[in-house]
Amino acid sequence: MTTTDIQPLLDLITPTNPSAKPDWNALLTQTLATFDCTTGTLHRLDPTTGLLTLVAYAGMPEFLLPKISLIPIGKGMAGIAAERREAVQLCNLQTDESGVARPAARDTKVEGSIALPLLLNGELHGTLGIAKPVPYDFTDDEVAALMHLGEAISQVL
């Protein structure tokens, strides 16, 4: 996976009409397809509250929405990725005992998962999380491509 492979995703972030906002749900859906994932979230950092606020989601059970709508920095995979300002991944979320994933995360029924901070010039703008229904370790190239995507998202989020 290279930045060339994610060019269609980058194109979704920059709409042809400069006054139009990106369709975050479409971007997330296409990101999931590109990385062969079934579940994902996109959170924006609210500078007023310091919380990660849900912007888009796909494949998440509806009953989890109240738990993922607002995430404190340092809590769960997204919060830890934001706190550390680095990608956090689990090969199998269902069997992980590291404490990185919150107990309710198992309700997603996903296994291979990754959460990445959305950074621009070292400043946190939010997080992106995607997951597969099977155990999986994202490769260094995939992580690099996702971080590049995150930088592009940060420019307009």
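**Exercise 1: Read the fold**

Along the sequence, the chain runs in the pattern α-α-β-β-α-β-α-β-β-β-α. Keep in mind that this is a predicted model.

*Task.* Work out how many helices and strands the chain has, and what share of its residues counts as buried.

*Solution.* 
- Step 1: Count the symbols in the pattern, and you get five helices and six strands.
- Step 2: Turn to burial: 47% of the 157 residues count as buried.
- Step 3: Check the contacts with a separation of 6 or more, where residues 24 or more positions apart account for 55%.

**Exercise 2: One side of a helix**

*Task.* Find out which residues of helix H2 (residues 24-34) are buried, and where they sit around the axis.

*Solution.* 
- Step 1: Pick out the buried residues of H2, which are Trp24, Leu27, Leu28, Thr31 and Leu32.
- Step 2: Look down the axis: they cover an arc of only 135 degrees, so they are on the same side of H2.
- Step 3: Find what they pack against, namely helix H1 (7-13), strand S1 (39-45), strand S2 (51-58), strand S6 (123-131) and helix H5 (140-154).
- Step 4: Now visit the two ends. Asp23 caps the N-terminal end of H2, with a side-chain oxygen 3.2 Å from the backbone nitrogen of Asn25. After H2 comes Asp36, with a positive phi near 55 degrees.

**Exercise 3: A mostly covered helix**

*Task.* Say how many residues of helix H4 (residues 76-84) are buried, and what covers them.

*Solution.* 
- Step 1: Go through H4 and you find that seven of its nine residues are buried.
- Step 2: Name them: Gly76, Met77, Ala78, Gly79, Ile80, Ala81 and Ala82.
- Step 3: Look around them, and the cover includes S2, strand S3 (70-72), strand S4 (88-90), strand S5 (113-120) and S6.

**Exercise 4: Rings and a charge**

*Task.* A search of the whole structure finds one aromatic pair. Decide whether its rings are stacked, tilted or edge-to-face.

*Solution.* 
- Step 1: Tyr136 and Phe138 have ring centres 5.0 Å apart and planes at 85 degrees, so this pair is edge-to-face.
- Step 2: Check the cover: Tyr136 is partly exposed at 24% relative accessibility, whereas Phe138 is buried at 4%.
- Step 3: Look for a charge, and you meet Lys132, whose charged end sits over the ring of Tyr136, 4.4 Å from its centre.

**Exercise 5: A buried glycine**

*Task.* Find out which residues Gly150 touches, not counting those up to four places away in sequence.

*Solution.* 
- Step 1: Locate Gly150 in helix H5.
- Step 2: With a relative accessible area of 0%, Gly150 is buried.
- Step 3: List its contacts beyond those sequence neighbours: Leu118 and Leu119.
- Step 4: Finally, bring in Leu10, which is 140 residues from Gly150 in sequence but 9.7 Å away in space, C-alpha to C-alpha.

Technical notes
Residues numbered from 1 in each chain as written. Predicted model: local features only at pLDDT ≥ 70, side-chain atom pairs only at ≥ 80, totals over all residues. Heavy atoms only, no water. Buried < 20%, exposed > 50% of the residue type's maximum accessible area, 1.4 Å probe, protein only. Helix = DSSP H or I, 4+ residues; strand = E, 2+ residues; numbered from the N terminus. Arc of directions from axis to C-beta. Contact = heavy atoms within 4.5 Å. Polar contact = N/O pair within 3.5 Å; in protein donor to acceptor, adjacent residues only side chain to side chain. Phe/Tyr/Trp six-rings, centres within 6.5 Å; stacked < 30°, edge-to-face > 60°. Lys NZ or Arg CZ within 6 Å of the ring centre and 35° of its normal.
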